Every structure is written in structure tokens, then in C-alpha cells.
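Please read it alongside the structure shown here.

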Amino acid sequence: MSNLKIITGHFGSGKTEFSLNYAMILAKTEATYLVDMDIINPYFRSRELYGPLERAGVKLIADSFGQAQYSIDLPALPSSIYGLVSKTKENIVFDVGGDPSGARVLGRYANLIKERDSYDMYMVVNANRPLTMEAGQVVRLIGQIEETSCLKINGLVNNTHMLRETTVEDMLKGRELCVEVGHALSIPLVFNVCLRSLNLGINRPILEKLPILEDLFEIDLMLRPDWL
Amino acid sequence: MAKLLMKGNEAIAEAAIRGGCRYFFGYPITPQNELPEYMSVRLGEVGGVFLQAESEIGAINMVYGAAASGARAMTSSSSPGIALKQEGISYICAAQLPCVIVNISRGGPGLGGIQPAQSDYFQATRGGGNGDYRLIVYAPANLQEAVDITLEAFDISEKYRVPVFIAGDGMIGQMMEPVEIPEGFVSQSAEKDWTTTGTKGQRAPNIINTLYLDPLKLEEHNIKLDNVYKLIEANETRYEADSLEDCDVVCAAYGMTSRIARSSIKIAASSGVKVGMLRPVSLWPFPYGAFDKINPKAKGILCAEMSMGQMLDDVKIGSKGRWPIHFYGRSGGMVPTPDEIAEQLIKIAEGKSV
């Protein structure tokens, strides 16, 4: 496991919710940076949660304009990312914008990233999204993201959900898809993500029927307001 | 068919295609960009045409041209972009051309910001363009409703030869939600004997024009349009109402704000205040008649919007002075919280000034 985690995927796959939850968990034991590299989405970006991130001990790197400007959509990234990638030994989570177009920003850091001892680049997959429902589609998307980012994906994150309507079946369906993609590309499935509100972690009878106990990753929806 | 998890802009685009849209003309602007982007991929697959125009003005006039030849054409934009399209919209209405226009609105005035707002209510319902014209304006409150409305938008527009205008805010465009887009939607496409598709030497030419220099002829044209608008008012008014008859207070809200208000109503209920909900789905024609169902003894109506108070005017017209009218709004891209609106509702029920 590398201490640089790059989170990519189709837009709407849940990359940002995963990144936020992941960074906050890492920050419980070690110093952790979350880099919001999303320059293609105007809403639902991790920088919106600068308050909760700070309270969780996560150091947020977003644009160069400060918190007051977190609602602008300039395609600009702060220069501090260079220093972070080349020097920092602490945990870094890259929350990358969706699709190959969102992953394009990684290209400028690709050489620095490759000079590190290692990096992990995960593809977040939601099998309920129209363009990532079949293994062929996911394989194609991985190829496209690798092409624009100039980096290699080495892990899959099954985040198959239907927001608050998510069922265990959704997660299992996505797991099947990820396993198929994993076989095709020789990439391991790293996490099965599920909503904590599904109560899988404490619901032993359901859990015992699942073959996926070891890699369950429970998250809370952080960006979506309760009324939505 | 199974539910899909879609982003609002994508869901509207896919529903439009299933509803018969084959021509899309647009120009990029946040927060609606996923809509044209989706169209640019999907329209080619169904034998349609996607064209990024040189400007919003170019796009709306391409819609005019395509609609004149009988095609199902659509454009989308966000607030300042819709402002640029107003001249074309007025011309389309004058020429009685059916089409679908989507506004995924953001904070204004001017260039404003990119966060969600409902401050284009006047623009949509009062006309930003010139002349006596109306648009059929629908404001969905969730993605399934946005899909359902968009699916039948072309049918409704062709039936009356009046544009259907979908008023969604940035949140509707950007949020994800499970949706079902039915495969087997059967369009009730209207017979079109007015299109400019060539006479083949067998009939007199159809002329699409908006210039009437003879004032009597122009008045006749206006009366003809007005008769259509009266028909739409009679047939196409849509709203959702809950507990209006026996409530203490009414909350009037549309689109995304109505979602927030639903949470506020639950908060108020826990304080013993019964709040009725009036949610216009069609902003024009506005459901003035629904106000007659409101408890005559209700303490008041709270109009909640993401603006400084625009639908408020229609709420006042509909209430005809029967109840005190209050307003609560956030603007500029700020989204009200359920607690903020609940506090106002409880104050009204307790007879305190808001």
C-alpha cells in the first residue's frame, strides 16, 4: 500500500464521497492531505466540506483562492501540489474529477508521481450508472483514464449504490462487475463500499451470508444534505 | 425497466431523446454543461444532430429554423445564457413554433455566480422577450419528475405550438438521483400542416414569419395566440397540494425549495404546527385555483424561494387578499435550510410577525 492514493472514476460514481470518508479515516492515525483536483464539476466537490475536514484533522488542498472562493469553477490548481507530490511522506488522497477529461489534470504531475516509491490509483465503479454497467464499458473507461492521466490504475473500488435506496443486492451486483473487470485487467478489487446506514457492519446475519467481509468499507454520505 | 442513477442534466437529456428530440443546439455554461455534453454523444447514436452554436443567440435561432421545418429541437442554458436567448424565444412564440428550452438556473443578476437559484421566475413566466406571449413553464422538484415532464414536453409543445420551458435550478442539474426512463414512451406527435418542408408543387408555400406591419392583422394574431394561452390555462395547470383544507399555515414553494420545505413541514409538525403544502409544478399556467382549497382560517401563507421574492407575486394574486402573505428567501446561490423555513412557519402559526 502506498501513501499516495489517487481516486478516479466516472462522474457520479461516488469518488468524492469515498475520498472524503477515506481521508478522514486515515487522518485518525496519521497526518493526511486531501487534494481536491476536481476542475470539471461545479457542485458537490470535497472543498465544500473544508470545515468538517479541518475538524477531522485532514489538510485540504483545493484551489489557490481560499475558502471564500470555493464555489468558483476556474480550471486552476495550486502550485503547492508539486511540493506535496515530490516531498511529502505523509498520506495524500487525490480526489480527481470524473471521466478521462477530469483525470487529464493528473498528466502534469505524472512524472513526479512516477518518481515516488509507489502510488495507488483506484477506479471507483458504480454499476448503477448508465456508462459503467457492463465490464466492457468499465474496461474502456479505465483505458481512457489511464491515457489522459499518463498513470496506471491498480485497484478497483466497488461503490455501487442508489443513494438512500441502496440495497445489499446493489453492492453484490457491483462486486460481480468489478471482479469481472479485475480478471480482464489483472487488477484487484480493493474495497466494497457501502453506506453505514445499511447497517451491514453490525448486522451479523446479513454479513455472514456475504463473501466480502474482509474488504467492506462503510461510509457516510457527507456532501448530500439530509433533505435531498 | 430498472432504475439508473443519473445526474439531473443527463436524465433530462436522455428523457428528451426518448421524447423525440433529434436536434440540439446549445452553448456551454455552468451548471448545465452535462446536458449538451450528453447530447453530443447520444444524438449521433439515434440519428440526430448536435451542434454547438457560436453563441446562445445562434443556438436559439437554430432551434427556430429546425422547428420551422417540423423537427423536434431543443436548447438548454443557464440564467445569463437564457437571457441572451430571449429575443429568439419571443420570435419562436410569435411564429408559433414548438420546441423545448431548459434553464438550469444559477444566481444572478448579471453574470452572477454558479450556485443554484430560482431568481429567473420572472424571466420565465413574465417573458424576458417582447410582446404578448407565454411559455408553458414546468418546474420539477426531483429527477423522476424532470424525466416525466421532459418525456412529454415535445408532445405538449406541438399540441399548442407553444414552447415548453423547463425551469430547473443548478441543484436539479447537478444532483444525482435514481430514475426510471421508460423505454416504450409513445409520442402523440401532432399533425403538422404548417412546416416549411417544400411544396413539391402541390400546395401553397408555408411561410414562417413574425412581421405584421398591418396593426389590425397583428392584433388578430395576438388574439389568436391569446386564445391558445387560455386553452393552456384550462388544460395544462399542474400542482401538488397536501393538507390545504385543515392546516394552520400554508407553505408555497416550487422546485428544489419545495424539497427543503417538506423537511421544514415535518419540523413544524413536531412543534404541533400543521403546515399545508402548495407546490406549483407549472409556473405558467400558475395554479391560482388551488388557493380556493386553503383553510379560510389558516393563519397565513409563507412563500419560500431561492430568490428575493418572485413567485411571491403569483401567491399574492392567487390568495386574493384572503390570508396574510409572508416571504422567506435566500439568494445568490445560498440554499435555505429546513430549520430556517420551519422557524418562519412556526412564527406565522403563533401569530408572530415574520
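Helices and strands are DSSP runs, a helix (H or I) having at least four residues and a strand (E) at least two, and they are numbered from the N terminus. The model is predicted.

**Helix α2 of chain B**

- Helix α2(B) is followed by Gly47(B), which has a positive phi, near 80°.
- The helix covers residues 34-45; its 12 residues should span 16 Å at 1.5 Å a residue, and the end C-alpha atoms lie 17 Å apart, which agrees.
- Buried residues of α2(B) are Glu34(B), Leu35(B), Pro36(B), Tyr38(B), Met39(B), Arg42(B) and Leu43(B).
- An α-helix has 3.6 residues a turn, so residues three or four places apart point the same way.

**Helix α1 of chain A**

- Helix α1(A) runs over residues 15-27, and its 13 residues reach 18 Å from the first C-alpha to the last, close to the expected 18 Å.

**Sheet of chain B**

- An open sheet of 5 strands has the order β9-β11-β10-β13-β14 in chain B, with mixed pairing.
- Strands β9 (239-242) and β14 (325-329) of chain B are at the edges with a single partner strand each, so one side of each has no neighbour in the sheet.
- On average, neighbouring strands are turned by 20° against each other, direction ignored.
- Strands β10 (residues 249-252) and β11 (residues 275-280) of chain B run parallel and are joined by 4 bridges.
- Within this pair, Val250(B) stands opposite Gly276(B) of β11(B).
- Helix α10 (residues 255-270) of chain B packs on the sheet and touches β9, β10, β11 and β13 (300-305) of chain B.
- The direction of α10(B) makes about 175° with that of β11(B).

**Interface of chains A and B**

- Chain A contributes 21 residues to the contact and chain B contributes 25 residues.
- About 2100 Å² is buried between the two chains, with 65% of it on carbon and sulfur atoms.
- On the chain A side, Tyr43(A), Met162(A) and Trp227(A) lose the most area to chain B, together 35% of what that side buries.
- The rule finds 3 salt bridges across the interface.
- Lys3(B) forms a salt bridge with Glu165(A), and their closest N and O atoms are 3.2 Å apart.

Notes. Residues are numbered from 1 along each chain as its sequence is written. Chains are lettered from A and ligands numbered from 1 in the order in which they are written. This is a predicted model: local features need pLDDT of at least 70, side-chain atom pairs count only at pLDDT 80 or more; totals for chains, interfaces and linings use all residues. Side-chain values use heavy atoms; hydrogens and water are left out. Two strands pair if DSSP finds at least two bridges between them. Axes are lines fitted to C-alpha atoms, for helices over the stretch in contact, and angles run from 0 to 180 degrees between N-to-C directions. Contact means heavy atoms within 4.5 Å. The expected span of a helix is 1.5 Å times one less than its number of residues. Buried means under 20% relative accessible area, exposed over 50%, partly exposed in between (1.4 Å probe, protein chains only). Buried area is the accessible area (1.4 Å probe) that two parts lose on being put together, summed over both. A salt bridge is a side-chain nitrogen of Lys or Arg within 4 Å of a carboxyl oxygen of Asp or Glu.
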